[in-house]
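Trainee: I am new to this structure. Could you walk me through some of the terms used for it?

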Amino acid sequence: MIIGAGLVGAISAVNALRDGHRVTLLEPEAPGGEQASSYGNAGWLSSHSVIPPAEPGTWKKVPGFLLDPLGPLAIRWRYLPQIMPWLARYVAAGATLERIAVIARALRTLLIDAPKLHFELAEQAGAAHLIVRNGLLHIYPSRADFDAQAPAWSVRRSVGVQWLELSEAELRHCEPALHERYRFGVRVAEAGYCRDPAAYVAALVTHACALGATHVRGTARGFRIESGRLRAVLTDAADLPCDAAVIAAGARSKVLAAAAGDRVSLESERGYHVMINQPEGSPRTPVMASDTKTIATLMQGGLRVAGQVEIASFDAAPNWRRADILRDHALSMFPALPRNLPANRFRYWLGRRPSTPDGLPCIGRASASRDIIHAYGHGHVGLVGSARTGRLVAQLLADQPPEVPLEPFDPRRFA
Ligand SMILES: Cc1cc2nc3c(=O)[nH]c(=O)nc-3n(C[C@H](O)[C@H](O)[C@H](O)COP(=O)(O)OP(=O)(O)OC[C@H]3O[C@@H](n4cnc5c(N)ncnc54)[C@H](O)[C@@H]3O)c2cc1C
């Protein structure tokens, strides 16, 4: 039984089916629907995204996060007492370059060949056109702005990431639609992107069902465990008998993890996107802008501009002013877009990244029963990280040795 049919659940299902397991996908909504973080992400298959979200000195910025509700990272006051333990770990994880390097080495094992793995999966699901392996671009107003991030890039280099630096003329040549304030670029050729993450999830679930999986609509509430063995997943309707379960419920996984005997540090790190249809200006290669901390990706359905980090409870009301900011960033990055973009040309979405404080997912067996497997907590890298995660889940289900060490992803590391 796989709980949750986002990217992690869908890819775990495909891998488990290949090993001959009978698979049920338990998901209350349409797979790939707007409820899932997998629906609206920026599409980046950034195998070089190995740096945890916090950086040395982040603690000094926390008061600013609280005071500016519209900054690139904001924390809602009301949520502060609840979030404090997570926040303390978040700040600690990025406190020194040594700690960042440890996290980077672990994440790299998960991400290193992700664009290739995703392409193969998409090909098997008849959706190869959704995966593009042609690099990603980081853009900066000047070389000095890139130099200011040199420590993070040197950690990336230490784990084998290579890049090409683009002068102003080269950047202009590659990306003619970009505002001229961007004068320096960094191209990471090994990376890629997904042209429609929602369609990708839907294709993977259709493929899983063609391989024999069943999609049951329902919400998992807990587990029936007898003498350490899993007997059933408890749902809002009937109990569903099974002998193995995978918790892949994204930002909703914490409660299920507790029911499986593990107290994990997991929060919904909320982000937004704006989709602009038939854009007059867009990047040829997806770009991440250093000044606006925004990603712009031309997708099947239009230009997607995604970003923002808002720490608030899962169910707190959206703050659409944050999406307005993204729309305005899009207009400032691509001058050909009309200033007075009519409302019917764009659409907003709020998503919830399932985030651990150290930026590493939880992958491993549960304390209450070895039949239950944790597979969530991928934060900012859940699309790119889902391909290897699905393989690791299948290896755990088959009692095979995992292809990469699982210790850094141990769900018990927060105890
Ligand atoms: C704005 C934004 C931009 C992003 N950009 C990128 C990017 O460019 N690259 C990247 O790699 N990552 C990116 N991410 C992160 C990425 O989207 C997530 O890490 C990833 O989608 C998590 O996948 P998941 O399968 O774990 O969770 P989800 O996609 O959230 O899926 C979980 C599923 O579980 C279901 N569920 C929940 N509770 C239950 C229950 N009790 N029982 C049954 N089912 C349940 C939900 O309905 C949902 O469908 C971004 C995220 C955001 C918000």
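Mentor: Gladly! Keep in mind that this is a predicted model.

Trainee: Which sense does the pairing of strand E15 with E18 take, parallel or antiparallel?

Mentor: Antiparallel: strand E15 (residues 267-276) joins E18 over seven bridges. Here Arg270 has Glu310 as its bridge partner in E18. Strand E17 (residues 294-299) is also antiparallel to E18, over six bridges, and Thr294 stands opposite Gly307. Two residues lie between E17 and E18 in the hairpin that they form.

Trainee: Why is strand E18 called largely enclosed?

Mentor: Buried means under 20% relative accessible area. Ten of the ten residues of E18 (residues 302-311) are buried, so the rest of the structure largely encloses this strand.

Trainee: What lines the second largest pocket?

Mentor: Its lining has 25 residues, and Met1, Arg22, Cys242, Asp243 and Ala244 lie nearest the centre. Strands E10 (214-216), E13 (239-241) and E14 (245-247) and helix H13 (382-397) each give two or more residues to that lining. The pocket's volume is about 520 Å³.

Trainee: How do the lining residues of the second largest pocket divide?

Mentor: Into 14 nonpolar, four polar and seven charged residues. Met counts as nonpolar and Arg as charged.

Conventions
Residues numbered from 1 in each chain as written. Predicted model: local features only at pLDDT ≥ 70, side-chain atom pairs only at ≥ 80, totals over all residues. Heavy atoms only, no water. 1 Å grid on protein atoms, 1.4 Å probe; cavity = no way out; pocket = protein on both sides within 12 Å on 5 of 7 lines; lining within 4 Å. Points joined across faces, edges and corners; volume = space filled by probe spheres on them. Helix = DSSP H or I, 4+ residues; strand = E, 2+ residues; numbered from the N terminus. Buried < 20%, exposed > 50% of the residue type's maximum accessible area, 1.4 Å probe, protein only. Pairing = 2+ DSSP bridges.
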